Amino acid sequence: ENWNKQWKLLGPAMQALLRNLGFNQQIWDSKDTPAGKLPIALATAFVNLTPVQRETARKLGYTAATWDQKVLALKMGKQA
């Protein structure tokens, strides 16, 4: 899964999708550290995402239900 890869290893297409969700290299590469932050989109229910963010989530393989499951899991584990 891409979640465990460093930003520079993701490739330009994946980086572009992740930018739509609020990531950049610094945020991505530090997301799993104690001081790391996640973009607000990752704490947002699918229905409340912008149209671009919803399309991005779909391109990343999420449905509304699976996105909301991921959001809930992230909220329980780390604040966005």
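Colleague: Why is lysine 70 said to lie over the face of tryptophan 3?
Modeller: A charge sits over a ring if NZ of Lys or CZ of Arg is within 6 Å of the ring centre and within 35 degrees of the ring normal. Lysine 70 is at 4.7 Å from the ring centre of tryptophan 3, so the distance is within the 6 Å limit. Lysine 31 lies over the face of tryptophan 28 too, at 3.8 Å from the ring centre.

Colleague: What kind of model is this?
Modeller: This is a predicted model, where local features need pLDDT of at least 70, side-chain atom pairs count only at pLDDT 80 or more, and totals for chains, interfaces and linings use all residues. Residues are numbered from 1 along each chain as its sequence is written, and side-chain values use heavy atoms, with hydrogens and water left out.

Colleague: What makes tryptophan 3 and tryptophan 28 an aromatic pair, and which kind is it?
Modeller: Rings of Phe, Tyr and Trp (its six-membered ring) pair if their centres lie within 6.5 Å. Here the centres are 5.4 Å apart. Planes under 30 degrees apart count as stacked, over 60 as edge-to-face and the rest as tilted. These planes stand at 75°, so the pair is edge-to-face. The structure holds five aromatic pairs.

Colleague: What does that pair tie together?
Modeller: Tryptophan 3 lies in the segment before α1, and tryptophan 28 in helix α2 (residues 25–30). The pair therefore ties together parts 25 residues apart in sequence. Helices here are DSSP runs (H or I, at least four residues), numbered from the N terminus. Trp3 and Trp28 also form one aromatic cluster with Trp7 and Phe23. Both tryptophan 3 and tryptophan 28 are buried.

Colleague: Is leucine 21 buried or exposed, and how do you know?
Modeller: Buried means under 20% relative accessible area, exposed over 50%, partly exposed in between (1.4 Å probe, protein chains only). Leucine 21 has 3% relative accessibility, so it counts as buried. Leucine 21 is in the loop between α1 and α2.

Colleague: Why is threonine 66 put in another class?
Modeller: Its relative accessible area is 33%, so threonine 66 is partly exposed. Threonine 66 lies in helix α4. Phenylalanine 46 is 20 residues away from threonine 66 in sequence and 9.2 Å away in space, C-alpha to C-alpha.

Colleague: How do you know that the buried residues of α1 line one face?
Modeller: Those residues are Met14, Gln15, Leu17 and Leu18. Down the axis of α1 they fall within an arc of 160°, so they line one face. The arc is that of the directions from the helix axis to the C-beta atoms. Pro12 and Ala13, on the other side of α1, are exposed.

Colleague: What does helix α3 show?
Modeller: Gln53, Thr56 and Ala57 are buried in α3 (residues 51–59). Their arc is within 100°, so they line one face of the helix. Across from them, on the other side of α3, Pro51, Val52 and Lys59 are exposed.

Colleague: Which residues lie nearest the centre of the largest pocket?
Modeller: Trp3, Leu18, Leu60, Tyr62 and Lys70 do, among 15 lining residues. A pocket is an open set of points on a 1 Å grid over the protein atoms alone, where a 1.4 Å probe fits, with protein on both sides within 12 Å along at least five of seven lines; lining residues have an atom within 4 Å of a point. Helix α4 gives the most to this lining, with four residues.

Notes
Helix = DSSP H or I, 4+ residues; strand = E, 2+ residues; numbered from the N terminus.
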